[in-house]
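Q: I'm new to this structure and would like a close look at one part of it. Could you take me through how its helices pack, and then show me what else is worth a glance around there?

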Amino acid sequence: MARKVATVFGGSGFVGRSVVGRLARAGYVVRVAGRTAAHAATLRMLGDVGQVVPVVASVTDEAACVAAIEGSTLVINLVGILAPHGAATFEAIHVAGAARVARISAAAGVTRLIHVSAIGADAASPSAYARSKGEGEAVVSRHMPQAIIIRPSLIFGVEGAIPAMFARMARFMPVVPVFGPATRFQPVWVGDVAEGMLRIAASEGMEGAIFEFGGPVVMTMRQLVAWAARWGGHPRPLIEVPRWLANVQASVLERLPGRVLTRDQVKLLYIDNVVAPGARTLEMLGITPSPMDLVME
């Protein structure tokens, strides 16, 4: 019997590593598609010999996407950016890239496409990031109506940026600044997100569904930063940064290498990021979301 083949775009990233590992354990041959094969090389150990295969395929490259998707029954698109850089714009990655993966998947007869977006994706959002995510969802559904869309809140894990970034700030700063202190988030564990995708891939009747993945606890940004500081062993006083000052700082930082903070990200920091009432959730897939206190102890 032929083995199942899955292609995971962005599979070498933080979320991708969890997804690839679960797919390999479920018996898939996994093609890990990315701009370079180097980052995916270490993922070979997640499966048997020849089971996890690094593939050079950017979502901006038509021919490479065709080759990466050909013969796959499952395609997962995890690719996303928080800030544009050079040719990697929101339009190129979140909209045109997402459309390319969906169009090629449909033409190749892929059985299931899972497109990872974000809570707050909205073509009418004041944030360019969120607008591009909303536009990306629309073009994916247009090219492949049966595609499943997943919108996660902030994704955390031991190897992830959240809450490690805030913990590092607390380690080196006597007072930790907080942007958007009252904005609500619903941090979700990377393992739950990956398991959710695996269950969606194995389930019937999911065509065209939209899921919103959140954790068991809703936290304000102030609570999240305070939790991360304690978790990192350096509890600190917090200072709330006024929005006008956050925009001033971002206008400088977005011009520096690394783009630590942009004005568009400041907009996002003042928009709640929680699961909408009535949304399809992890619980509907039989998954009880894991709290940060348990996962990150």
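A: Let's start with helix α5 (residues 164-172) and helix α7 (residues 221-231), which pack with their axes 8 Å apart, at an angle of about 65°. Keep in mind that this is a predicted model. Angles from 65 to 115 degrees count as roughly perpendicular, so that is the word for how α5 and α7 lie to each other. Their crossing is right-handed.

Now look at who touches whom. On the α5 side you'll find A164, F166, A167 and A170. Facing them from α7 are M221, L224, V225, A228, A229 and W231. Sort the residues of this contact by class and you get 10 nonpolar, no polar and no charged.

While you're at α5, step back to the loop between β7 (155-156) and α5, where P163 is found. The peptide bond joining I162 and P163 is cis, with omega at about 5°. As background, most peptide bonds are trans.

For another helix pair, go to helix α2 (residues 62-69) and helix α3 (residues 90-107). Their axes come within 10 Å and cross at roughly 45°. That angle falls between the ranges for roughly parallel (under 35 degrees) and roughly perpendicular (65 to 115), so α2 and α3 are oblique to each other. Here, too, the handedness can be read off: α2 passes α3 in a right-handed crossing. From α2, the residues making the contact are E62, C65, V66 and I69, and from α3 they are R100, V101, R103, I104 and S105. By class, the α2 and α3 contact has 5 nonpolar, 1 polar and 3 charged residues.

Conventions: Residues numbered from 1 in each chain as written. Predicted model: local features only at pLDDT ≥ 70, side-chain atom pairs only at ≥ 80, totals over all residues. Heavy atoms only, no water. Axes fitted to C-alpha atoms, helices over the stretch in contact; angles between N-to-C directions. Helix = DSSP H or I, 4+ residues; strand = E, 2+ residues; numbered from the N terminus. Parallel < 35°, antiparallel > 145°, perpendicular 65-115°, else oblique. Left-handed = near helix turned anticlockwise from the far one by under 90°. Contact = heavy atoms within 4.5 Å. Nonpolar A, V, L, I, M, F, W, Y, C, P; charged D, E, K, R; others polar.
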